[in-house]
Amino acid sequence: MVKRTPFVVEGVLRSPILWGSLASVAFFGLIHERILSYELLQRYCAGHPVEYVETGLFFIGLALLGAKALELGAQFRTLGHPLLGPVPPGGPISADSEALIKRLDRLPAARQNHYLVRRIREALEHVSRRNSAQGLEEHMKHLAGLHADRASASYALLRLIVWAIPILGFLGTVIGITMAIASLKPEALEQSMNEVTGGLGVAFDTTALALALCIILMFVQH
């Protein structure tokens with residue numbers, strides 16, 4: 001159990017959700033300490049609990065995209081590094097597949113899950129199982145489809161966040177309108193106008209913030 005602890009800690013530290021949460025906490029801390037004293041930030045990001053949730057989800061979404069960018073950047077930087085060594089005269093043959101897989105096993109652990117390394121390993125394992133390269137092209141097309149599905153699934157949480165933020169904006173609209181209606185007092189209309197406009201402000205501000213944050217996340221994603 002003790003030996004696993006460093007890996008658990010490392011996994012937690014690499015979690016985009018954790019870093020996004022920490023970034024949102026730091027952001028709100030700067031706002032409440034008046035270090036970020038812009039009126040728009042105070043109004044749109046820290047004016048209502050719904051806005052806190054929207055902004056927190058936005059930071060988590062940005063952290064997810066940042067982690068993706070770092071991962072892909074690291075993989076692009078290693079594309080020019082040798083993987084299998086020089087090609088033997090006449091090209092590689094099926095008997096070499098086991099030796100080539102062992103070469104891949106000697107790569108640094110950080111490169112074992114790179115897309116290119118995984119694709120080459122799966123191709124070599126196919127050749128090794130069949131002791132022939134027959135059907136390799138069809139197998140590679142099948143793997144391409146599987147990897148495309150896997151890449152799409154890796155954005156599932158981000159898609160959920162992009163879906164949830166506008167829903168929270170609409171929830172803020174409902175809450176704000178409810179606050180405005182509840183504050184309306186016909187017998188003291190003039191005195192209640194401040195509370196009514198405050199409720200309408202919550203309704204419009206939460207929706208405006210949600211739409212703005214969603215637009216930013218979608219543009220960064222694409």
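How close do the axes of helix H5 and helix H6 come, and at what angle do they cross? The axes of H5 (residues 97-105) and H6 (residues 115-130) come within 9 Å and cross at roughly 155 degrees. Axes here are lines fitted to C-alpha atoms, for helices over the stretch in contact, and angles run from 0 to 180 degrees between N-to-C directions. H5 is therefore roughly antiparallel to H6. That label applies to angles over 145 degrees; under 35 is roughly parallel, 65 to 115 roughly perpendicular, and the rest oblique.

This is a predicted model, so local features need pLDDT of at least 70 and side-chain atom pairs count only at pLDDT 80 or more, while totals for chains, interfaces and linings use all residues. Residues are numbered from 1 along each chain as its sequence is written, and side-chain values use heavy atoms, with hydrogens and water left out.

Now the overall fold. The protein chain has 9 helices and 0 strands. Helices (H or I, at least four residues) and strands (E, at least two) are DSSP runs, numbered from the N terminus. Read along the sequence, the pattern is α-α-α-α-α-α-α-α-α. The chain has 222 residues, and 32% of them are buried. Buried means under 20% relative accessible area, exposed means over 50%, and partly exposed lies in between (1.4 Å probe, protein chains only). Take the contacts between residues at least 6 apart in sequence: 64% of them join residues at least 24 apart. A contact means heavy atoms within 4.5 Å.

Back to H5 and H6. H5 passes H6 in a left-handed crossing. A crossing is left-handed if the near helix is turned anticlockwise from the far one by less than a right angle, and right-handed if clockwise. On the H5 side, the contact is made by Ser97, Glu98, Leu100, Ile101, Leu104 and Asp105. H6 supplies Val117, Ile120, Arg121, Leu124, Glu125, Val127 and Ser128.

H6 also packs with H7. Their axes are 11 Å apart, at an angle of about 145 degrees. This crossing is right-handed. In H6, Arg118, Arg119, Glu122, Ala123, His126, Val127 and Arg129 take part. They meet Leu136, His139, Met140, Leu143, Ala144, His147 and Arg150 of H7.

Next comes the pairing of H4 and H8. The axes of H4 and helix H8 (residues 156-183) come within 10 Å and cross at roughly 165 degrees. H4 is therefore roughly antiparallel to H8. The crossing is left-handed. H4 contributes Val50, Val53, Glu54, Leu57, Phe58, Ile60, Gly61, Leu64 and Leu65. H8 contributes Leu157, Leu158, Ile161, Ala164, Ile165, Leu168, Gly169, Gly172 and Ile175.

Glu54 deserves a separate look. Glu54 lies in helix H4 (residues 49-77). Glu54 is buried yet has no salt bridge. The nearest side chain of opposite charge, Arg43, is 12 Å away. For charge, Lys and Arg count as positive and Asp and Glu as negative; His and the chain ends are not counted. Leaving aside neighbours within four places in sequence, Glu54 is in contact with Ile165, Leu168, Gly169, Thr206, Leu209, Ala210 and Leu213.

A salt bridge is a side-chain nitrogen of Lys or Arg within 4 Å of a carboxyl oxygen of Asp or Glu. The whole structure holds 2 of them. Asp205 pairs with Arg43, the closest N and O atoms being 3.0 Å apart. This pair links distant parts of the chain: Asp205 is in helix H9 (residues 189-221), Arg43 is in helix H3 (residues 39-45), and 162 residues separate them. Asp205 counts as buried because its relative accessibility is 8%. Arg43, at 43%, counts as partly exposed.

Glu137 pairs with Lys141, with the closest N and O atoms 4.0 Å apart. Both lie in helix H7 (residues 136-153), 4 residues apart, about one turn of the helix. Glu137 is exposed at 55% relative accessibility. Lys141 is exposed at 58%.

Two further residues complete the tour. Gln221 lies in helix H9 and is partly exposed at 28% relative accessibility. Gln221 and Ala69 are 152 residues apart in sequence and 9.8 Å apart in space, C-alpha to C-alpha. Gln221 touches Leu65, Tyr155 and Leu158, not counting residues up to four places away in sequence. Arg34 is in the loop between helix H2 (16-32) and H3. Arg34 has a positive phi of about 65 degrees although it is not a glycine. Arg34 is exposed, with a relative accessible area of 57%.
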